[in-house]
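I set out to record what could be looked up in this model, entry by entry. I begin with the overall layout and then turn to single elements and residues.

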Amino acid sequence: MKAFVIATLALFSSCSVSAAQADLIKQGEYLARAGDCVACHTAKGGKPFAGGLPMETPIGVIYSTNITPDKTGLGDYSFEDFDKAVRHGVAKSGSTLYPAMPYPSYARVSETDMQALYAYFMKGVEPVAQANQDSDIPWPLSMRWPLAAWRWMFAPEVADYQAPADADPVISRGAYLVEGLGHCGACHTPRALTMQEKALSAADGAAFLSGSAPLEGWIAKSLRGDHKDGLGSWSEEQLVQFLKTGRSDRSAVFGGMSDVVVHSMQYMSEDDLTAIARYLKSLPAVDPKDQPHQYDKQVAEALWKGDDSKPGAAVYIDNCAACHRTDGHGYTRVFPALAGNPVLQTADATSLINIVLKGGTLPATHAAPSTFTMPAFAWRLSDQEVADVVSFIRGSWGNQGAPVKAGEVADLRKSDQHSTSGDDLGQVTTSH
Amino acid sequence: MATIMKKVDAVIVGFGWTGAIMAKELTEAGLHVVALERGPMQDTYPDGNYPQVIDELTYSVRKKLFQDISKETVTIRHSVNDIALPNRQLGAFLPGNGVGGAGLHWSGVHFRVDPIELRMRSHYEERYGKNFIPKDMTIQDFGVSYEELEPFFDYAEKVFGTSGQAWTVKGQLVGEGKGGNPYAPDRSSHFPLESQKNTYSAQLFQKAAADVGYKPYNLPSANTSGPYTNPYGAQMGPCNFCGFCSGYVCYMYSKASPNVNILPALRQVPNFELRPNSHVLKVNLDSTKRKATGVTYIDAQGREIEQPADLVILGAFQFHNVRLMLLSGIGKPYDPITGEGVVGKNFAYQNMATIKAYFDKDVHTNNFIGAGGNGVAVDDFNADNFDHGPHGFVGGSPMWVNQAGSRPIAGTSNPPGTPAWGSAWKRATADYYTHQVSMDAHGAHQSYRGNYLDLDPVYRDAYGLPLLRMTFDWQENDIKMNRFMVEKMGKIAEAMNPKAIAVLGKKVGEHFNTASYQTTHLNGGAIMGTDPKTSALNRYLQCWDVHNVFVPGASAFPQGLGYNPTGLVAALTYWSARAIREQYLKNPGPLVQA
């Protein structure tokens with residue numbers, strides 16, 4: 001019986017590259033994972049890196065580009081062309097890229113890493129012949145010159161990341177990954193009216209990674225030190241577990257972050273995940289009066305005694321308590337805790353309302369292959385019931401989230417926003 | 001003309017417990033494995049979505065998860081002198097269908113085996129003499145010992161996330177006074193999870209059983225007592241005693257199933273492919289008839305497909321394994337007249353009795369609370385834990401309260417004498433619904449010369465192939481044992497001091513009733529053993545006649561156990577897989593020389 005061989009390196013071998021070059025390509029592959037290039041540069045059901053993913057912008061739909069080494073992609077790009085696009089935001093043609101490409105973050109990627117990325121995209125990726133698609137943006141907005149002005153105003157100067165002299169090397173590595181290739185701020189940092197991120201690094205101030213307005217129906221929450229709605233209550237170890245497996249003892253990934261874990265974070269080394277976690281844990285709270293969560297046992301005791309008179313309590317018992325429990329603690333690593341969970345206490349309750357309406361599936365990862373699906377409740381709960389139960393969750397067990405109104409639920413129910421909640425991951429259609 | 005697929009290393013027929021275990025083991029060994037499942041894709045989501053799955057009408061009554069018998073069924077008769085007719089309504093047994101198979105709809109009682117039941121004939125002959133075993137009783141030894149299987153029981157429990165209490169671990173007493181079973185064989189490690197909590201009805205049974213001098217213990221259940229991660233990294237949620245286990249997909253991820261405990265890990269490996277809606281018609285043999293070349297199946301579009309493979313695993317439901325062997329010409333069909341042949345031989349079932357005790361309104365049993373594998377049992381009359389000499393029958397029975405949930409349609413039970421309808425029925429239902437305890441003697445069932453399986457000469461399935469024919473009836477030994485167990489369990493029921501008792505046991509001369517469910521634990525037909533003249537498989541579940549076909553499942557049991565079979569099915573599958581990995585792949589051929 002023949003042995004089964006996983007041919008991961010078959011692609012490289014056909015190009016007859018040296019061992020040193022093979023290492024460089026492998027390093028580039030890892031960095032491309034860190035940058036999650038595949039997420040945007042692959043269309044649903046399309047070939048990896050061949051582009052064509054539609055992305056909505058305030059002025060119209062644009063399409064990601066082919067970055068495979070085919071001549072319709074990066075085939076005739078020199079290193080300088082590649083570098084100009086990735087770090088400077090200027091295409092080979094000379095026009096400025098739409099800042100959907102996070103070149104303001106990539107500006108701090110090191111020259112060495114750029115060489116590795118270039119090696120990977122030229123030698124390690126299968127070429128796909130697929131012409132780039134023009135944007136659907138109408139003239140005059142389709143003119144690119146204002147982008148150049150935007151770039152000139154908001155993109156930082158390209159320079160290798162320089163850690164402060166006395167910095168902890170682990171935190172510096174984390175800063176390099178988070179502020180650079182990881183481009184975490186693209187979602188997690190609020191944007192100004194002119195669409196630039198309000199801060200591109202920890203040094204730029206407390207806006208950095210302080211949470212976004214809803215994107216595709218989800219809040220990219222604050223990653224700063226606040227206990228209420230940031231990462232104050234998370235340990236470094238929990239963060240590493242979360243990024244690697246999509247889950248920690250008390251949390252589970254949902255919304256747009258699911259794809260980030262599946263396509264990018266689970267591939268990071270333990271050292272790099274630790275660096276990212278340690279760096280994030282170094283960001284101070286935004287709220288100077290920030291306090292750790294104080295568990296309040298009154299709600300659990302009332303429910304235990306059969307008192308469901310509080311608005312939303314009965315809906316909670318019937319729909320949520322089997323998994324998340326009457327005490328709001330959930331079950332370790334399986335069903336997330338609601339008590340003290342920062343994603344439930346954000347100022348804007350969009351995420352919580354949406355997950356109650358649409359449900360969500362915890363994606364499978366290599367280290368934690370089980371998927372868990374929270375069912376959707378939109379079909380059986382009215383706007384008022386959803387508002388009641390969301391308000392109940394946001395205000396119970398010591399949680400400090402403000403109540404929500406039925407109208408907010410109605411608005412989200414109506415919106416047909418595309419969501420990348422992971423709803424389409426790890427699930428199957430059945431024919432019965 | 002069949003479409004021929006690219007050859008794979010191993011093809012697995014059926015994706016229930018045995019198919020999933022084999023798939024995991026063989027992919028770990030580096031083989032490229034394809035599993036063919038007759039039914040549709042199924043998983044916790046969307047098939048077990050809460051609250052839609054809490055639907056007795058759809059699942060229990062209309063049998064959503066079971067085999068579609070409009071396409072294929074079995075014919076049944078009581079003896080060779082009768083004409084068998086097709087079974088047109090599932091009753092006595094419930095074969096699963098779809099990904100997960102019966103492993104998705106089982107309840108979760110997860111036992112090992114009493115060691116003597118693996119050497120049934122030898123043990124009885126040694127203790128009671130050859131003449132103690134009735135002439136037409138064809139019980140045999142499995143050909144494998146408890147000691148050999150122990151590591152595989154242990155591993156299967158870790159994969160399943162089984163809750164329970166050990167009695168001894170490596171010879172050290174650990175379970176006294178904690179719910180351990182003093183009759184349980186030694187274990188190499190503790191259960192991965194502690195026992196589930198006991199329902200009030202189980203506590204009543206526990207006390208009453210102890211009062212009459214029996215030794216109650218906690219049932220080992222593959223329903224979790226807490227969150228769990230198994231050796232494959234697959235995770236389970238905690239059981240919340242919702243009472244919708246048997247016949248349902250567990251929405252809490254807390255009942256072990258191939259879907260929850262193994263499939264997530266298989267999805268991560270590139271050398272595994274699962275093809276649902278793939279109905280296997282036969283195993284293809286080469287011109288020598290000594291080697292399989294693959295299988296032929298019908299895909300979801302109705303096309304005939306041939307899947308060549310070096311190794312064929314038959315992991316379908318008990319009687320489907322037997323039928324596939326008969327349809328494919330693997331092994332000599334059994335003939336009850338001559339007693340020769342092996343395929344179809346030793347078809348056995350379960351020998352169950354039930355007692356219900358009804359209480360006043362001050363005893364709140366809350367029967368709607370339940371978990372499929374949860375409860376309290378006694379083994380004082382199981383296996384050979386008592387002297388059978390004076391009683392003149394073979395076999396034993398565990399007894400238990402296994403409160404698995406009482407669903408609103410079928411869950412009503414009233415004391416004897418209550419009218420079956422009208423205001424008196426309503427009043428009694430209101431009075432007794434939450435004030436009653438049901439207890440079972442689960443009962444081993446022995447194999448007999450006249451109980452067997454073969455191909456029906458008349459009836460055919462939707463694809464034109466002969467249906468399987470069951471020839472089966474209760475024998476004198478079964479009735480004797482059943483009545484003995486009712487008497488012993490009755491003592492426990494009386495010690496609970498109930499208002500009324502109802503006994504559901506077997507009467508002298510009673511015949512097998514296809515409409516009455518007791519368990520779906522069918523056994524035998526493709527049995528393992530030590531002699532190719534009396535068994536279809538060797539001790540590694542390898543066909544004696546066709547060395548690259550392995551047949552795991554309860555079809556390999558030479559007779560029925562007192563316990564539920566899943567634990568032994570899983571352990572034997574891991575045992576067989578180990579033999580394939582460590583012996584067969586290095587040197588393909590018979591693992592036991594006949």
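**Entry 1. Domains of chain A.** Before giving a distance between domains I note that their bounds come from an automatic or database domain assignment. I also note that the model is a predicted one. For chain A the assignment gives domain 1 (10-132), domain 2 (169-281) and domain 3 (298-414). I looked up the separation of two of them: taken over C-alpha atoms, the centres of domain 1 of chain A and domain 2 of chain A are 23 Å apart.

I then asked how many residues of domain 1 of chain A are in contact with domain 2 of chain A. The contact involves 14 residues of domain 1 of chain A and 17 residues of domain 2 of chain A. On the domain 1 side, helix H2 (19-35), helix H3 (37-40) and helix H5 (103-106) of chain A each give two or more residues. H2(A) gives the most to that side, with four residues. By class, I recorded nine nonpolar, two polar and three charged residues for the side of domain 1 of chain A that touches domain 2 of chain A.

**Entry 2. Chain A as a whole.** I found 18 helices and four strands in chain A. The radius of gyration of chain A is 23 Å, close to the 22 Å that the globule rule gives for 432 residues, so chain A is as compact as a globular protein of that length. Along its principal axes, the C-alpha trace of chain A spans about 70 × 65 × 50 Å. Of the 432 residues in chain A, 47% are buried. I also looked at contacts in chain A between residues at least 6 apart in sequence: 66% of these join residues at least 24 apart.

**Entry 3. Helix H10 of chain A.** I asked how many residues of helix H10 (residues 236-245) of chain A are buried. Seven of the ten are, and the helix is mostly covered. The buried residues of H10(A) are A:Leu239, A:Val240, A:Gln241, A:Phe242, A:Leu243, A:Lys244 and A:Thr245. Helix H11 (257-263) and helix H12 (270-281) of chain A are included in what covers them. Just after H10(A), I noted that A:Gly246 takes a positive phi of about 80°.

Entry 4. An unreviewed UniProt entry lists A:Cys184, A:Cys187 and A:His188 under "binding site". I looked up two of these positions in the model.

A:Cys184 is placed in the loop between helix H8 (169-179) and helix H9 (185-188) of chain A. Why does A:Cys184 count as buried? The cut-off is 20 or more other C-beta atoms within 10 Å, and A:Cys184 has 21 C-beta neighbours inside 10 Å. Leaving aside neighbours within four places in sequence, A:Cys184 is in contact with A:Val178, A:Leu209 and A:Leu223.

A:His188 is found in helix H9 of chain A. A:His188 counts as buried because it has 23 C-beta neighbours inside 10 Å. Leaving aside neighbours within four places in sequence, its contacts are A:Leu209, A:Gly211, A:Ser212, A:Ala220 and A:Leu223. I noted that A:Leu209 and A:Leu223 are listed for A:Cys184 and also for A:His188.

**Entry 5. Where chain A touches chain B.** The contact takes 27 residues from chain A and 32 residues from chain B. Helix H15 (321-324) and strand S4 (372-374) of chain A each supply at least two residues of the chain A side. By class, that side has 16 nonpolar, ten polar and one charged residues.

Entry 6. For residues 451-572 of chain B, UniProt (unreviewed entry) lists "domain: Glucose-methanol-choline oxidoreductase C-terminal". The end C-alpha atoms of this span lie 24 Å apart, and the span is 22% helix and 18% strand.

I next looked up an open sheet of four strands in chain B, with the order S5-S4-S20-S19 and mixed pairing. Strand S5 (85-86) and strand S19 (452-460) of chain B are its edge strands, each pairing on one side only. Strand S4 (residues 74-77) and strand S20 (residues 466-471) of chain B pair in the parallel sense over four bridges. The bridge partner of B:Arg77 in S20(B) is B:Thr471.

Last, I looked up B:Tyr45, which is in helix H2 (residues 44-47) of chain B. B:Tyr45 is buried, with 20 other C-beta atoms within 10 Å. B:Tyr45 and B:Val249 are 204 residues apart in sequence and 9.2 Å apart in space, C-alpha to C-alpha.

Note on methods. Residues are numbered from 1 along each chain as its sequence is written. Chains are lettered from A and ligands numbered from 1 in the order in which they are written. This is a predicted model: local features need pLDDT of at least 70, side-chain atom pairs count only at pLDDT 80 or more; totals for chains, interfaces and linings use all residues. Two residues are in contact if their C-beta atoms, placed from the backbone, lie within 7 Å. Ala, Val, Leu, Ile, Met, Phe, Trp, Tyr, Cys and Pro count as nonpolar, Asp, Glu, Lys and Arg as charged, and the others, Gly among them, as polar. A residue is buried if 20 or more other C-beta atoms lie within 10 Å of its own, exposed if 12 or fewer, and partly exposed in between; C-beta atoms are placed from the backbone. UniProt positions are given in the numbering used here, feature names are shortened, and annotations may be inferred rather than shown by experiment. The radius of gyration is taken over C-alpha atoms; the globule rule is 2.2 Å times the number of residues to the power 0.38. Two strands pair if DSSP finds at least two bridges between them.
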